[in-house]
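Subject: Structure handover

Hello,

Here is the structure to look at.

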Amino acid sequence: MGNNKNIDVLIIGAGPAGVAAGIGAKKEGAENVVVLERDWDLGGILQQCIHTGFGLRIFREELTGPEYMHRFITEAREAGVEFRADTMVFKIDKENNSVWTMNKERGIECLNPKSIVLAMGCRERPLGAIHIPGTRPSGIYTAGTAKHFVNKEGCMPGKRVVILGSDNIGLIMARRMILEGAEVEGVYEMMSWPGGLRRNIAQCLDDYGIPLHLKMTVTKIHGADRLEGVTVAEVDDNMTPIKGTERFIECDTLLLAIGLIPENELSKMAGIEIDPVTGGPVVNDLLQTSNPAVFAAGNVVIVYDLVDKVSDEGLIAGANAAKFVAGKISPDIKKIPVKGGQNVRLFSPQFITGEKDAIIYLRVTHPIERACKVTAEPGLYTQRLRYARPGEMNEARIKASAIKANPNLKEITIDIQPM
Amino acid sequence: MNYDVIIIGAGVTGAAIARELSKYKLKIAVLDKASELPSGASRANSSMIHGGFDDKPGTLKTKFCVPGNKLWHKLKDELDINVNECGSYVCAFDDKEINHLEKLLEQGKNNGVPGLEIISGDKLREKEPNVSREIVAALWSPEAAIINNFEAVNALIESAKINGAELFLETLATGLLFDEKNNIRGVTTNKGDFIAPVVINAGGVHSGEIAKWAGDTSFKIIPTKGEYFLLDRTAQGFIHSFLFSCPSKAGKGITVLQTAEGNLMSGPTATEQDDPEDKSTTAEGLAEVLKGARRLVPDFPIELNVTTFAGVRANTESGDFEIGVLKNPRGFVNAAGIKSPGFTSSPAIAEYIAELLKEELSDRIKLTPNEKFIPERKNIPRFLHMSMDEREKLIKKDPTYAQIVCRCETVTEGQVLEAIRRGARTISAVKMMTRAGAGRCQGGFCCPRVAEILSRELNIPLDEITRHGGDSKLLVGKTKEFLLEKGAE
């Protein structure tokens with residue numbers, strides 16, 4: 001068992017962000033790097049993502065989630081990262097960054113690392129978030145919970161499925177349920193555009209003849225013990241169901257794919273500033289939070305579409321945590337605030353230091369279905385796009401040289417607008 | 001199966017009566033149709049221990065509410081129940097409503113409610129800064145409290161069981177048995193006949209139908225639905241106590257409160273309906289609750305909502321409880337029509353029922369004190385609320401307490417195992433006894449974990465585990481099973 005004294009970088013969460021952070025910290029020369037994981041196995045939610053499509057950019061291969069994580073975990077182990085599974089962090093003290101952990105073998109421990117990387121990921125929005133009227137029978141699951149039952153337990157949550165919301169997990173589960181022998185009646189999305197990636201719409205819905213109903217929602221849940229059906233209806237521009245458009249659908253399963261929320265209860269406990277729009281910590285491009293010793297990466301900061309990006313960010317956060325420990329990050333580092341333009345729903349990081357080339361990740365508020373461009377003003381970046389959709393993350397790349405060349409820069413404004 | 005007394009219904013009324021009667025040397029059977037407790041109105045209500053100023057002198061509600069309040073303050077320690085002794089406020093928005101507060105104050109004093117006081121709106125806002133600026137005055141009732149209603153019912157039943165009572169779940173009473181003199185001989189159920197000379201009707205919203213089996217048509221139950229919002233504990237401290245608006249004809253009106261566990265909650269509506277089992281929420285009902293919540297607390301943080309639910313209470317036409325021994329057939333006792341302030345009143349009702357049995361049914365049942373009665377009962381350890389020292393001690397004794405099952409509410413495997421030892425068989429039973437799944441992700445992460453533990457401990461297949469008993473199985477089969485079926489076609 002590892003040593004609790006002199007932990008240089010303590011990483012919370014062994015999903016894609018946390019494992020990459022471990023590698024990043026080691027590469028940057030940190031001595032004692034420990035990754036804590038609350039689940040019994042490492043890899044985070046990717047362990048239940050048995051479909052392919054992971055690692056296209058990093059490995060130029062189509063890997064399953066467990067394969068993708070296996071490569072990273074092996075690399076991290078070889079680099080000397082220590083993993084502690086089945087270990088829950090239940091408290092971070094604001095005053096001294098002490099991290100309280102618990103594990104069956106080790107009991108309760110108080111760790112005092114020199115720096116921390118938050119990599120707790122995100123969770124799914126539950127039914128309560130949208131308060132649909134009706135009963136509370138069994139057969140209503142978030143798509144991720146259903147995925148766990150199907151992919152990890154080999155059990156079916158139902159035979160005839162309706163999916164509410166069109167985020168990526170829901171789309172993937174639509175296909176999975178069909179492949180495992182269920183019927184999927186349709187996917188219902190309140191917005192006039194899908195929540196997930198275009199490639200998932202094509203590969204998971206279109207290829208299997210599953211209809212996607214935009215501007216529709218579930219307005220009532222029926223059934224006392226087991227779900228017996230749902231009422232769906234069209235919604236107007238204010239998201240209010242339109243009377244007279246209701247339709248009853250017989251089904252025994254309702255899967256919810258209504259979005260993800262960064263999981264920041266620990267961050268809040270640690271007194272870290274949270275961006276109310278992303279739901280994640282406010283960070284600079286070094287992924288340093290409002291607490292200089294605490295870094296954050298991956299879906300805990302902002303919800304990504306692709307795991308490759310999460311791993312990239314993990315590497316950055318881990319490396320910078322190691323640099324912080326080595327005293328290589330100045331306390332008076334430059335922080336140029338980023339501002340979202342008219343069509344920007346959310347973005348991260350919120351500050352640019354100019355220390356290194358950086359990527360600002362952003363999502364649009366309204367889709368643009370024609371040529372458009374992403375810009376970072378004043379004159380820092382322009383990139384032409386064929387389209388921009390809320391379901392797909394965009395990037396604005398900021399060169400460190402451009403920041404250095406402009407010492408009076410007060411603010412960076414990012415936006416995506418039609419050409 | 002022969003008993004001295006059969007109690008139909010293990011809601012808070014039946015549970016309190018069972019526990020009270022277990023102080024005597026009696027063979028007690030408690031029957032409930034549900035797979036888990038509580039299941040009826042005791043499950044879905046405001047979890048309020050009322051001060052006792054609401055009801056008119058001379059009513060049964062007043063007779064039992066004030067002593068019931070006192071008894072809960074004692075029971076909370078004896079039975080280790082989580083109670084938030086926070087007091088309550090009735091809020092007034094204008095002079096007319098202040099008049100109403102004065103009437104309530106007067107009535108409360110007559111009812112013997114201690115500590116009542118009318119305070120200014122500003123004084124209220126010193127204590128509760130998030131209430132509306134338009135509230136001009138409030139009636140403060142310091143003895144009012146908020147109880148964990150799940151714990152309370154389970155604590156009463158466990159205490160009764162410790163003292164010899166037997167609980168039969170999934171046992172639906174279907175009728176009464178009579179002897180040759182047409183007096184009570186027992187109860188018929190889906191699980192066979194239960195024989196006893198005394199039957200107590202604590203059937204809640206079904207108590208009217210049950211009374212009819214005994215030929216008692218003197219009262220009618222009007223099932224009345226109440227809908228609620230329940231918010232995440234991150235809203236803890238937004239409101240610290242219990243806020244009433246002034247009552248209207250429809251009931252006590254929409255309230256806002258912080259539950260004993262620190263969740264912000266608002267409700268209930270009061271919609272009369274025919275179906276006693278219809279617990280569905282409605283768009284109209286939820287809109288009414290939200291409107292009422294925002295009237296009291298304008299920034300009510302609805303975005304933190306984790307679930308909505310509804311309960312059906314047993315309203316009576318008379319507006320009062322229906323409690324008493326029938327003259328004919330002998331052996332039938334009503335503890336019926338128990339609704340607000342029913343939870344508060346239940347321990348006092350239970351004491352009264354014991355007195356009634358002594359006075360009016362001594363020919364059928366003898367209440368000899370049980371010298372071995374054990375009043376105390378300990379709750380399942382509440383890991384979330386423990387100090388680090390307490391946690392360390394517990395883990396040393398039993399390392400399963402170091403394994404987190406529910407992340408949102410910090411519930412450990414040790415707690416889930418203890419709930420199963422105490423009779424939990426469903427996901428909801430574990431939730432009500434431990435709070436696993438009661439948090440912000442609503443079981444998204446822990447439901448599969450709890451199902452696995454239930455399956456392992458009870459030695460039943462995972463796809464047999466139910467959410468709340470009956471046909472509420474979580475899973476319908478194995479993967480690819482239906483592909484095979486389709487192939488066969």
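**Where the chains pair**

Cys155(A) has Lys478(B) as its bridge partner in strand E24(B). That pair belongs to a link between the chains: strand E12(A) and strand E24 (residues 477-478) of chain B pair in the antiparallel sense, over two bridges. Two strands count as paired if DSSP finds at least two bridges between them. Strands (E, at least two residues) and helices (H or I, at least four) are DSSP runs, numbered from the N terminus.

Some ground rules. This is a predicted model, where local features need pLDDT of at least 70 and side-chain atom pairs count only at pLDDT 80 or more, while totals for chains, interfaces and linings use all residues. Residues are numbered from 1 along each chain as its sequence is written, and chains are lettered from A and ligands numbered from 1 in the order in which they are written.

**The contact between A and B**

Chain A puts 41 residues into the contact and chain B 45 residues. Two residues are in contact if their C-beta atoms, placed from the backbone, lie within 7 Å. On the side of chain A that touches chain B, these elements each supply at least two residues: strands E6 (88-92), E7 (99-103), E8 (107-111), E10 (122-124) and E12 (155-156), and helix H3 (143-153). The largest share comes from H3(A), with six residues. By type, this side of chain A holds 15 nonpolar, 14 polar and 12 charged residues. Here Ala, Val, Leu, Ile, Met, Phe, Trp, Tyr, Cys and Pro count as nonpolar, Asp, Glu, Lys and Arg as charged, and the others, Gly among them, as polar.

**A sheet in chain A**

Three strands of chain A form an open, antiparallel sheet in the order E23-E25-E28. Strand E23 (344-348) and strand E28 (394-398) of chain A each have a single partner strand, so one side of each is left without a neighbour in the sheet. Strand E25 (residues 358-364) of chain A is joined to E28(A) by five bridges. One of the pairings sets Ile360(A) against Ala396(A) in E28(A).

**A sheet in chain B**

In chain B, six strands form an open sheet in the order E9-E2-E1-E13-E21-E20, with mixed pairing. Strand E9 (166-168) and strand E20 (322-325) of chain B are the edges, and each pairs on one side only. Inside this sheet, strand E13 (residues 198-201) and strand E21 (residues 332-336) of chain B run parallel, joined by three bridges. Val199(B) has Phe332(B) as its bridge partner in E21(B).

Best wishes
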